[in-house]
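Please have the structure open beside you as you read.

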Amino acid sequence: MDMNISNTCPLSELPLRSGAFILYVGGDENAKRRLAELGFIKNTYLTPLFSSPLGDPRTYEIVGTVVALRKETADNIYVIPTKTNSPTEGDKI
Amino acid sequence: MSNKHILLAGNPNVGKSTVFNALTGLNQHTGNWVGKTVEPAFGSFRIKDTTYDIYDLPGTYSVISNSPEEKVARDEICFSNPDLTVIVVDATCLTRNLNLVLQIAEITDRLLLCLNFSDEAYKKGILIDTEKLSELLGLPVVDICAKNKKDIILLKSEIAEKVDSSFKPRYRIKYPDIFEDAIRPIYEFIKKASPDTPSRLCRFIAVKLLDYPEFGAELASRVLPDKWISDVFTNLIDSVKSDLNEKGFSAVSVRDAVTDASFSSAVEIAKKCTSYSENHKTANVCLADKLLTSKITGIPMMLVFLCGILWLTLIGANYPSVILSTLFTRLGKILTQLCVSAGFPYSLTSLLIDGIYKTTAQVTAVMLPPMAIFFPLFTLLEDLGILPRIAFNLDRGFCRAGSCGKQALTMCMGLGCNAVGVSGCRIISSPAKRNAAILTNTFIPCNGRFGMLTVLSSIFIGGCFSDTYSSLVSAIWICVLIICGILVSLLVTRIMTKFVYKNNRETFTLELPPYRRPSIAKTLIRSLYDRTLHTLRRAISVAAPCGALIWLLANISFNGTTLLNICTDFLAPAGILLGLDGAILTAFLLALPANEIVLPIILMCYVSSTQPIDGYSTYAITEILKQNGWTVMTAINVMLFSVLHFPCATTLKTVKTETGSFKATVAAFFVPLFCGSIICISTNLLYHLVQLILVLI
């Protein structure tokens, strides 16, 4: 899969409707565990879908579900944006 | 005749409750909502001579951590010795669901996978190879659509068959080799100490002792005989841990490795048995989501929704209320006649009918309709997927108050009935935020208080204006009161989350499930059956004794003055400080069972009647109040105090049940009382100050 590894960014800065792979999930342990249960672990593909009328939180499509995260949480998740559109569910690098 | 013990597990939003209801019909005990299922819902079905008892575990994403829901689920799976655990799996997001399946498979062998929504998955272009899945996991898989009756029969027969068969699941989460080596000695120790414990459970405990030592130890203590929990055991674990540490596995990285291993295994299996058709689209935002959450239409749609709820509360619920109270009045007359013909003395009849019966009837008539409307409505909206979207839209605002968007929903419910709002707080997952939401719910004026608010504001606020504007002005005034309640509620939430519940750093995550058509009839029956009647029983159990108390106070005299008057005189100084009077304060205290009887009791005190006064015309009420020295300021203070005072007894009792804490219940009484007193005292002082200045000028 061709992708641009050089530019990582916080998940909160990933534009809507563009795909990315998770590189790193930060935050305290409870946060990490909660996020992992929802599919936010390294190498998982996700797409920001839409944001709430007030801009925050935003929703992300991940492993076939839609999950809303606040900006403060998404700031702690680093992703590698990819140009390929919509790989199948749970695909890995 | 035998009983089989079956557990039903699964992620939230996978149609688990639909499966549970379909399996057990109405043959079940009250289940709780998402959140604090301290005791799992329980139901049963029968095939031939066997009764299958089904326990509905709380919906969780995992069973390895220590949140209350997960603890309940895990303890049931580990220690209740189930004959079979059925895991409901959503075919549209297999990976995440498999994560839970694999975790549960770590604990027990006796599993049956129930693949739900594969029709929905098919529409989305996701095809799941059930046989492959079954083969990879080494577990039986039933592919069903929970709304389809035939499928439920299939599931039942599958459960009946699998309960008696033996299991040998092939799959086991593979941890990194170093970690596997670390688990082994602990596993062997546990197995030796407690040979009766299933091997899988032993291994699970061994893993937990390393990644979550605290509850690993708790699990171990339940399995191991006392003499085995010794220094030898602790030393063994310590040496394994330090060994891991040397190899670069700290406590945190052990946890990460365990989470990672489980999820990667899930990803791997899901990948092997899922294929996609050309229908498959990702990053697809449906029209409903576009409308509900867009910048332009999102907020207006929320407002329409909230207005709808307000309408239902203020107007819709009143029709059944009126019908009920007419019925109760008739029944009251019949009961009086019965008492008379049974030869009861007058005072006893009066105590029973005017005291106990009337108060209880009034509480029921006012509380039942909003409850009967709200519980099913919210369940329906939740099933439909609308509630999570509202919480999502409003989260930003509530985030500033240190809470989350779900509190907006509980506040809405509070408009109907605070007891409903308080139990609705279960939808808030963080304990700190939930407690804050529970304690501040009473600042939202409930249906029971609207009666007095509308009467007083039409007399004292609207009455100051000409007829054309009076109803408009009084409506605006009520809105101002509601907004004032909301603001105080947010402010207090802010203060609480900042100072009282400091460790409130829980990450906010909210799943937006796909829109799904709920089964309306079943939801209606269920919520009416469980929640409504349940709450009502609670209401009646507090209303009846309070009714008796009011009657006794009004009818027992001491040196020629009734106890009620003694009360009023005693409370007069406090009342005057608040800009009220003794009678008003007495009324608020006596109306503890139900806020709707505040005004009747005030009138009762003024005209020295022996029972609460109801059904007076607005004109008569105006006259009585004005004769007793009411001014616009008194009315404003009464209305403010009505919005900002202690909740009714039913709500308090609900707070006790929900939080399980006596302290929280006491706080639920005094925090609002304190806020209300401060606000009333300051408006009162301000009023007198302004008056003084005007006189001086």
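In chain B, helix H16 is followed by B:Gly402, whose phi is positive, near 80°. This is a predicted model, in which local features need pLDDT of at least 70, side-chain atom pairs count only at pLDDT 80 or more, and totals for chains, interfaces and linings use all residues. Residues are numbered from 1 along each chain as its sequence is written, chains are lettered from A and ligands numbered from 1 in the order in which they are written, and side-chain values use heavy atoms, with hydrogens and water left out.

**Helix H16 of chain B**

- H16(B) covers residues 386-400; helices here are DSSP runs of H or I with at least four residues, strands are runs of E with at least two, and both are numbered from the N terminus.
- From first to last C-alpha, the 15 residues of H16(B) reach 23 Å, close to the 21 Å expected at 1.5 Å a residue (the expected span is 1.5 Å times one less than the number of residues).
- A kink of about 55° is centred on B:Leu394, where the bend at a residue is the angle between axes fitted to the seven residues ending there and the seven starting there.
- Of the 15 residues in H16(B), 12 are buried (buried means under 20% relative accessible area, exposed over 50%, partly exposed in between, with a 1.4 Å probe and protein chains only).

**The six-stranded sheet of chain B**

- An open sheet with mixed pairing runs in the order E2-E3-E1-E4-E5-E7; two strands pair if DSSP finds at least two bridges between them.
- Its edge strands are E2 (41-47) and E7 (141-143), each pairing on one side only.
- Neighbouring strands are turned by 25° against each other on average, direction ignored.
- E1 (residues 2-10) and E4 (residues 84-90) run parallel and are joined by 5 bridges, with B:Leu8 opposite B:Val86.
- E2(B) pairs with E3 (residues 50-56) in the antiparallel sense over 7 bridges, and B:Ala41 stands opposite B:Asp56.
- The hairpin of E2(B) and E3(B) has 2 residues between the strands, and B:Lys48 takes a positive phi near 50° there.

**Helices against the sheet, and against each other**

- Helix H3 (residues 94-107) of chain B packs on the sheet, touching E1, E4 and E5 (111-116), and its direction makes about 165° with that of E4(B) (axes are lines fitted to C-alpha atoms, for helices over the stretch in contact, and angles run from 0 to 180 degrees between N-to-C directions).
- Helix H5 (residues 130-137) of chain B lies across E5 and E7, running at about 160° to E7(B).
- H5(B) also packs with helix H11 (residues 251-273) of chain B at an angle of about 145°, with the axes 8 Å apart.
- In this pair, B:Leu133 and B:Leu137 are among the H5(B) residues that meet H11(B), where B:Ile269 is one of the partners (contact means heavy atoms within 4.5 Å).

**A buried asparagine**

- B:Asn637 lies in helix H27 (residues 632-643) of chain B, and it counts as buried because its relative accessibility is 0%.
- Leaving out residues up to four places away in sequence, B:Asn637 touches B:Leu578, B:Gly579, B:Leu580, B:Cys680, B:Thr683 and B:Asn684.

**Chain A**

- Chain A holds 2 helices and 6 strands, in the sequence pattern β-β-α-β-β-β-α-β.
- Buried residues make up 62% of its 93 residues.
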